[in-house]
Structure formats: structure tokens, C-alpha cells
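User: I would like to go through the terms used for this model and see what each one rests on. Please set the values against the cut-offs.

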Amino acid sequence: MKKYLKTLYAITLALTVVGCHDLDQLNEDPNKIKETDPYLLLTKVEKSAFSLQNIDKEYAARMIIQTDGESTYQYLKWGSKGFDRYKDLLQTQKMMDEATRTGKVEYLALGHFLKAHLFFELTMNFGDIPFSEALQGEGKIQFPQYDPQEAVFVGILEELEQASKTLKKEGTIQGDIIYKGDVNRWEKLIESYKLKVLITLSKKQKVGGIDVAQRFNEIYQKGILMMDNNDNGQLTFFDQAGSRYPQFNSSSYGSSMYMSGTFINLMKELKDPRLFAIAQRTASALEQGLAENDFSAYNGGDPIVPYAENEKLVQGKNISKVRSRYYQDPTNETNVILSYAELQFILAEAVARGWIAGNAEEFYLKGIKGNFDYYAQYAKGLGHYFTSEALEQYVQQPKVSYQGGNLSEQVKQILTQKYLIMFHQAGMSIYFDYLRTGFPELKIQQGITAPTRWQYPSSEYNRNQENLQKALDRQFSGSDHIRGISWWLK
């Protein structure tokens, strides 16, 4: 660990030195840096790509609520979103260019993966996006066209294939803060991430010329997948400036942010010990001396009523805060973009859909166990809630044990458990699962439908309006609205 911290410090120092001269320019236009070592760029891009960008999903997926004002995500009133991820993409492309220039081709595979991940996030957020003409370099294409979303998905899968083909088993990858240069674990993440992208397309038989279920099965049959939590695609935090957990010292977490009843009530119904790692007992329960493992000591607010109604629960000392470790522990837990547990639920769903042969229950139980093991490792001082005995007691409950049934019944149970592993993890993944399948069942205001996308950033209206309007005409009859149905959902 000391050796790793020294390496990270050296990288941070190098970035700081570069930043004095060129890094500010890189943030604006990475192509202005003429030459640099690719490992310096890798560290920076990995840190951004694997980090928890925000907690919008926690509001939208009914995990938390706000009591001192109206959260646009809680009340499903969001609007536009930025194209900031293109800054990360430009830096990724610059890293790949420098890898080619210096002959350090081991960075190309990671570049292809990072591009796939970042483009995947962008297209899921918006629909059609600049893809084929994006990242073309300084001054070559100032106003890139928007590619149809299907073509973007084909491109994402091609980037992941290139990552697999380019990955070298030998060589050293400096600056890798995810797997510390372990190429085997990178290979497992890349192959597993392909399955994440493909399961997202469950409403489609084909993407381009690719048969979705067949491609999924081909990747699965290769068997190069994450095997346990050590393979998680995750960013680890350290108690030093610039490397602490992103919500550390958050004033909102300590004051106005509380748990949603949708999330808490589900865990109470299932007698799920993960509740004790995620939420705090109500103030009233603490005054009464109720035990930490007493499910009646927890209560959540209603995500669809006016926030003033939930403030009454605060005044009545009858609502749970987010567990204090999320804002008091600088290292807390990792940020995960794809975990072993999530992969198991993806595989369980694939079995239920008939995409692969196997036992859906087996994958389902592995997913639960993987997440119990994760909390046993990262929920400090709470490991006794996640022992093998506790796991066995939990999964033996009738409401938790795998029931099988028709596709809808199986997907409901799989996605319900997948929901429970997603607190502060995997970005908007579980919300997109909800849009795709209807599960987990989220509480929505009467007369309101869930938003399906974000509006394009205002900057695009100012600088690339002609291409933007073509994309809007193609997708949504010319209108840029948050409930437009993108190709992946049709």
C-alpha cells in the first residue's frame, strides 16, 4: 500500500508540474499539448471516468430525498445536461495518440475501453450524439454530425472489440490507478462490460449487423469474465488531497438529505442487513435506544410528496439519514462502474431471456453474495452483518429465494436485487434498467411518466445547431424533450 501511495503521489506531482505549464490548456483543448507521456493522461482520465459524477440517480431511483428544497431529480423535472464527457474523450484520444507516438501501445487497449465507456454514458443520456466525427483533432471538424444511436452502439461494441484485440499480456502500464497494471483483470472487465452494453439492448434483436443475444452468448462462452470483487471496475480512495471519497464532508449529507421510503421499505420488507450499512436509525429510535439491527428503527420519506411534508418527518424525528460513513469517512468505499455482483445479475437475466444456457438462480445468488462480500469489506465495523451465516439466512427467506416463473416474474426478482446493490454505484445504470424493463418498481407521481433522457446542452444550440436540429428531427420530430424515446428503448 505504501508503495502504491508513493506511486500515486509521484503521478500527482507530475500532473501538478505539467499543469503549471500545459494542463490548464489540456482541460480546454487536449490537442494543444504536443507531447507528453501517456501514463500521465491515463491517470487523469481513469480518475474521472470511474468516479461518481453526481448523485442524480439516487434521487431519480428513489433511494434518497431532499427536505430543504425541491430536487429536480427527485421530482423528475430535470432538463439539459452538459457534454463534459467529451473533455475526457479528448484526453483519452490524446493519450492514445501519444501511445502511438512513443510506441507504448499497451495504452491503446485501455484507451479503446475508456472511449467505449464514455460514449456509452453519453448516448444513454441523450440518444444520438457526435461519434464518428468527434475527436477528429484541432480544427479538422468544428461542427461534427450526430450519429444515429444504433450506429453509436455499433461503434461502442467495436471499441470494446478493439480493446480486446489490442490488449497485450506483457508490458507495464504505468499510471493505472484501477488495476495497477494488471492486464488480466483489464481483460475481464472489458469482456464483462460488453455484456453490460448488450443487456442494455434487450429490446433489440439486432444492433447494426450484430445479433444481440448471439453476441452475448459468444462472449459468455469465452469465459473471460470477472470472477469476484477483486475484479470490480472500481476507483479506490485514499485519505489525501484530491483522492478522497467524493461525498466526504458534504454538508447536504449531514443536514438535508434523508433516505427514501421506497428504498428503505424494500429492505425492511426483505429484512435486508444492507440497510444497516446504508442508513442511520431515526433520531427517535436513537432516543428510545433501539438496536442498530432493529428494522423498526429505520424510516424513509415519501419521494413524491412536497418536500415540506418530509420535513415534518424530520421535525418528528422519524426519518433516517444516509449513514454517516458516506460523508464522514474520506475513504469509505470504492466507486464502481461495473461490479462482479452486477455482472451476475446480468447473467441471471440473460439466462431468463434464453440468451445463454445456465442456472438463473445460481447467478442470482452469486450476485447477492458478491454484494454482501463487498459490504463486508468496505462497510467498516459492520462486517458481522454480512457473514456467510447472515447471507444464508437472508436468501432462505421466501421473498428473497429465487422463485422462477415467467420472464417478467424472473426479471422483476433479478432487477429488484440488482437495485439493492446500486446505492452510490454504477451511475444511472439501475434507472436505465427501470426504463428498459419496468423494474425495479419505482414510485412515480400520478399523471407523470419517468423522464427517458436529458435535453442537449445549450452550448450545442449555440455552436452546432444545424447538426443538432437534424438529430432532433430524426429522433423526436424536432423537439428536444426529456421524455423522448431514443432508439434503444423502442
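This is a predicted model: local features need pLDDT of at least 70, side-chain atom pairs count only at pLDDT 80 or more; totals for chains, interfaces and linings use all residues.

User: What makes α4 roughly antiparallel to α5?

Analyst: Helix α4 (residues 85-102) and α5 pack at an angle of about 165°, and their axes are 9 Å apart. Angles over 145 degrees count as roughly antiparallel, so α4 is roughly antiparallel to α5. The crossing of the two helices is left-handed.

User: Which residues of α4 and α5 make the contact?

Analyst: On α4 the contact is made by R85, Y86, D88, L89, T92, Q93, M95, M96, A99 and T100. On α5 it is made by Y107, L108, L110, G111, H112, L114, K115, L118, F119, E121 and L122. Sorted by class, the contact of α4 with α5 has 12 nonpolar, five polar and four charged residues.

User: Why is α16 called oblique to α17?

Analyst: The axes of helix α16 (residues 360-378) and helix α17 (residues 388-395) cross at roughly 140° and come within 11 Å. The cut-off for roughly antiparallel is over 145 degrees, and roughly perpendicular runs from 65 to 115. An angle of roughly 140° falls between those ranges, so α16 is oblique to α17. The crossing of α16 and α17 is right-handed.

User: Which residues meet where α16 and α17 are in contact?

Analyst: From α16 there are L365, I368, K369 and F372, and from α17 there are A390, L391, Y394 and V395. Seven residues of this contact are nonpolar, none is polar and one is charged. Lys counts as charged, so K369 is the charged residue here.

User: How do you know that G111 is buried?

Analyst: Its relative accessibility is 0%, and buried means under 20%, so G111 counts as buried. G111 sits in helix α5. Apart from neighbours within four places in sequence, G111 is in contact with T92, M95 and M96. K94 is 17 residues from G111 in sequence, and the C-alpha to C-alpha separation is 9.3 Å.

User: E191 is a glutamate; what makes it count as buried?

Analyst: E191 has a relative accessible area of 2%, and the cut-off for buried is under 20%, so E191 is buried. E191 lies in helix α7 (residues 183-200). With residues up to four places away in sequence not counted, E191 touches S164, I219, K222, I224 and L225.

User: Why is A376 called partly exposed?

Analyst: A376 has a relative accessible area of 33%. Buried is under 20% and exposed is over 50%, so A376 is partly exposed. A376 is found in helix α16. Outside four places in sequence, A376 is in contact with G383 and F386. A151 is 225 residues away from A376 in sequence and 41 Å away in space, C-alpha to C-alpha.

User: Are K317 and H424 buried or partly exposed?

Analyst: K317 has a relative accessible area of 37% and is partly exposed. H424, at 1% relative accessibility, counts as buried.

User: What makes the bond joining F439 and P440 a cis peptide bond?

Analyst: Omega is about 0° for the bond joining F439 and P440, which is cis. Most peptide bonds are trans. P440 is in the loop between α19 (429-437) and α20 (458-463).

User: Which residues touch the most other members of the largest nonpolar core?

Analyst: They are F50, F113, F119, F216, F423 and Y431, in a core of 150 residues. Helix α5 (residues 106-126) gives the largest share of this core, 13 residues. Setting aside neighbours within four places in sequence, F113 is in contact with F50, L160, A163, W186, L189, I190, Y193 and I337.

Definitions and conventions:
Residues are numbered from 1 along each chain as its sequence is written. Side-chain values use heavy atoms; hydrogens and water are left out. A nonpolar core is a set of buried Ala, Val, Leu, Ile, Met, Phe, Trp, Tyr and Cys residues joined through side-chain atoms within 4.5 Å. Buried means under 20% relative accessible area, exposed over 50%, partly exposed in between (1.4 Å probe, protein chains only). Helices (H or I, at least four residues) and strands (E, at least two) are DSSP runs, numbered from the N terminus. Contact means heavy atoms within 4.5 Å. Axes are lines fitted to C-alpha atoms, for helices over the stretch in contact, and angles run from 0 to 180 degrees between N-to-C directions. Angles under 35 degrees count as roughly parallel, over 145 as roughly antiparallel, 65 to 115 as roughly perpendicular and the rest as oblique. A crossing is left-handed if the near helix is turned anticlockwise from the far one by less than a right angle, and right-handed if clockwise.
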